[in-house]
Amino acid sequence: MAYQISTGLAIYFVIWWIALFLTLPFGIRSQHEDGAGAPGTDPGAPILTGMKRKLIWTTIISAIIFAAGMAAYHAGYLSIERLSKLMGMPF
C-alpha cells in the first residue's frame with residue numbers, strides 16, 4: 001500500500017492549508033470600505049473575518065481535492081511512474 005495513513009494525513013494537511021489561503025480573501029470588508037473603525041487601527045484591517053465559515057469551506061474544498069486525487073491514484077491515472085514519464089525523468 002503506497003499511501004500510509006500518515007502520508008495521506010500529511011497530503012491532506014498541505015491541501016487544507018493551501019485551500020485556506022485561497023479562501024481567506026473572500027468576503028472581507030475593511031474598515032475603510034465600511035466607514036467605521038477603531039481609532040489607531042489600520043484602515044485596511046477587516047471588520048468581520050467570518051473564519052468559521054471559511055474553515056468549513058476550506059475543509060469541504062480540500063476534502064474534494066483529496067478525494068479526487070485518491071480516486072485518480074487508485075484508478076491508475078496518478079502514479080510516480082506515470083508522472084516521471086510525463087516529465088521525461090527516469091524512475
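I take a patch to be made of residues with over 30% relative accessible area and no salt bridge, with nonpolar side chains joined within 5 Å. I note at the outset that this is a predicted model.

**Entry 1: the surface patch.** I looked up the nonpolar surface and found a patch of about 640 Å². F13, V14, W17, I18, F21 and L22 make this patch. I then located one of these residues, F13, in helix 1, which spans residues 5-23.

**Entry 2: the annotated spans.** I consulted the UniProt record, an unreviewed entry, which annotates residues 9-28 and 55-80 as "transmembrane region". For residues 9-28, I recorded 75% helix and 0% strand, with 30 Å between the end C-alpha atoms. For residues 55-80, I recorded 85% helix and 0% strand, and the end C-alpha atoms lie 31 Å apart.

**Entry 3: T59.** I placed T59 in helix 3. Is T59 buried, exposed or partly exposed? Its relative accessible area is 35%, so I class T59 as partly exposed. Leaving aside residues up to four places away in sequence, I found that T59 touches Y12 and W16. I also checked T59 against S6: they are 53 residues apart along the chain, and their C-alpha atoms are separated by 18 Å.

**Entry 4: G37.** I found G37 in the loop between helix 2 (31-34) and helix 3 (51-75). Why does G37 count as exposed? Its relative accessibility is 53%, and exposed means over 50%. Lastly, I compared G37 with I47: the two are 10 residues apart in sequence, and 7.8 Å separates them in space, C-alpha to C-alpha.

How values were computed
Residues are numbered from 1 along each chain as its sequence is written. This is a predicted model: local features need pLDDT of at least 70, side-chain atom pairs count only at pLDDT 80 or more; totals for chains, interfaces and linings use all residues. Side-chain values use heavy atoms; hydrogens and water are left out. Patches are made of residues with over 30% relative accessible area and no salt bridge: like charges are joined within 9 Å, nonpolar side chains (Val, Leu, Ile, Met, Phe, Trp, Tyr) within 5 Å. Accessible areas come from the Shrake-Rupley method with a 1.4 Å probe; for residues, only the protein chains shown count as cover. A salt bridge is a side-chain nitrogen of Lys or Arg within 4 Å of a carboxyl oxygen of Asp or Glu. Helices (H or I, at least four residues) and strands (E, at least two) are DSSP runs, numbered from the N terminus. Buried means under 20% relative accessible area, exposed over 50%, partly exposed in between (1.4 Å probe, protein chains only). UniProt positions are given in the numbering used here, feature names are shortened, and annotations may be inferred rather than shown by experiment. Contact means heavy atoms within 4.5 Å.
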